[in-house]
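This briefing covers aromatic ring pairs and charges placed over rings. How is a pair of aromatic rings described? By the distance of the centres and the angle of the planes.

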Amino acid sequence: MKCVKIALIFAMLWAMPALSINGQTTAAEITVIRAGRLFDSENGVFLPARDIVIKGNTIESVGENLPVPKGARVVDLRRYTVMPGLIDAHVHLLYLENPSGGLTAEGVKAITMEGTPLRALRGAARARTFLLAGITTVRDLGNSGRFGDVAVRLAINEGSLDGPRMYVSGPGLSAEGGQFPGLQYNYRGIAEEEYRIVRGVEDARIAVRENVTYGANVIKIYSSASPNPGFLSIEEMRAIVEEARLLSVKVTAHATSDIAIKRAVEAGVDSIEHGYRAEDATLTLMKERGVALVPTYLDSVNIKRLYAIARPARPLTEQELSASLKQRYERLQRAMKSGVTMVAGSDNYIDLKVPQGEAAKRVLFTYHDAGMETAQILQSATINAARLFGEPRLGVIKTGAFADIIAVDGDPVKDFDALERIKFVMKDGKIYVGQP
Ligand SMILES: [Zn+2]
């Protein structure tokens, strides 16, 4: 009986997409956006003036000089460049590390002294900074306690909080010890509060089922648990991928060394996080297998911020900065040359004393400084991410897509800093920045 009732309620919710779960109506009102210039993410080109007609949370049509339907609100963005809401494919909203700390000490503190409820509340406040920075979708990849990320996503989706759309992994699937080197054997259980430690092929399948059951809509694995020494076996990773396919979720792998990357690609993952030491042959293999790369690098501004906090007594020298940038650029340039699909991800979990969304967006500046073209960078943060997530309604401004739309002041091709000048943010048809 109860089941019938629940089924009925769900059927009603499905049948009424204009009614949000907490009962507040989001009337299917019509908005017309007049865009001065429009980024076409599918083709990687900027189009001249276009109008976008939005009904409720969906884009109805895009074209030149479209008529304004009766009663529609008109948003004039003719002075700006309009583009799909940005996507950050690698965030940790529930974990913010003191730069002079370290993953084990800060992680243990988050688990034992902060706790999941407080982490979720703080994560919710950080989520809002992403939205205000023009990032309308994030993929949160672990270090969020026991499903604190799921709680934040639910609260955003029901309208209790302002924040981006969220893909969340729950605890990442890892070999022994997670990413907490130095933890004593007697306290290994602490790592299990933050990571889902996998012990064998059957356990790997169970871990995927657990995570998806408790709300994960992407699976994060640690091909190697660097800085800890353990690797997941290829058989474990294959089992994870197989189970995830069955449950219709994607799998992404933390992998920094070449061997860790190769093993994850061999096992069939959808994307590689970081990929720092990928050799050319491995990048080519990724391209051939359609595995995306999420290159997570701080830019020069964030590196300076980091050192100013972590090492105030000895400021970063120009030589140190250029050496560290040179390595990043060289790695990014090799990745670009290989033709592997790039998806933007910040992995910005360090407390740089600026709103986290703003700091996270700087990853796009790293790509820019490495020589990537503006259109390619914007594709990495829109359509490429959407394709990786398997969501055709994201990362694009066209009929049927979600109304996730932003506007920046200026032409980002001529002046990349325009991305810092966010003038309009709409997510799911609701305006968060700019004219209401
Ligand atoms: Zn990360």
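The points below take ring pairs, then charges over rings.

This is a predicted model, in which local features need pLDDT of at least 70, side-chain atom pairs count only at pLDDT 80 or more, and totals for chains, interfaces and linings use all residues. Residues are numbered from 1 along each chain as its sequence is written, and side-chain values use heavy atoms, with hydrogens and water left out.

**Aromatic pairs**

- The structure holds eight aromatic pairs, where rings of Phe, Tyr and Trp (its six-membered ring) pair if their centres lie within 6.5 Å, and planes under 30 degrees apart count as stacked, over 60 as edge-to-face and the rest as tilted.
- The pair of Phe39 and Phe46 is tilted because its planes stand at 45 degrees, with the ring centres 4.9 Å apart.
- Phe39 is buried at 1% relative accessible area, whereas Phe46 is partly exposed at 22% (buried is under 20%, exposed over 50%, partly exposed in between; 1.4 Å probe, protein chains only).
- Tyr95 and Tyr349 form another tilted pair, 6.0 Å centre to centre with 40 degrees between the planes.
- Tyr95 lies in the loop between β6 (86-91) and α2 (103-132) and Tyr349 in the loop between α10 (318-338) and α11 (356-361), so the pair ties together parts 254 residues apart in sequence; helices (H or I, at least four residues) and strands (E, at least two) are DSSP runs, numbered from the N terminus.
- Tyr95 is buried at 3%, and Tyr349 is partly exposed at 23%.
- Phe180, Tyr195 and Tyr222 are linked into a cluster by ring pairs.

**Charges over rings**

- The charged end of Arg165 sits over the ring of Phe402, 3.8 Å from its centre (NZ of Lys or CZ of Arg within 6 Å of the ring centre and within 35 degrees of the ring normal).
- Tyr185 has the charged end of Arg188 over its ring, 3.9 Å from the centre.
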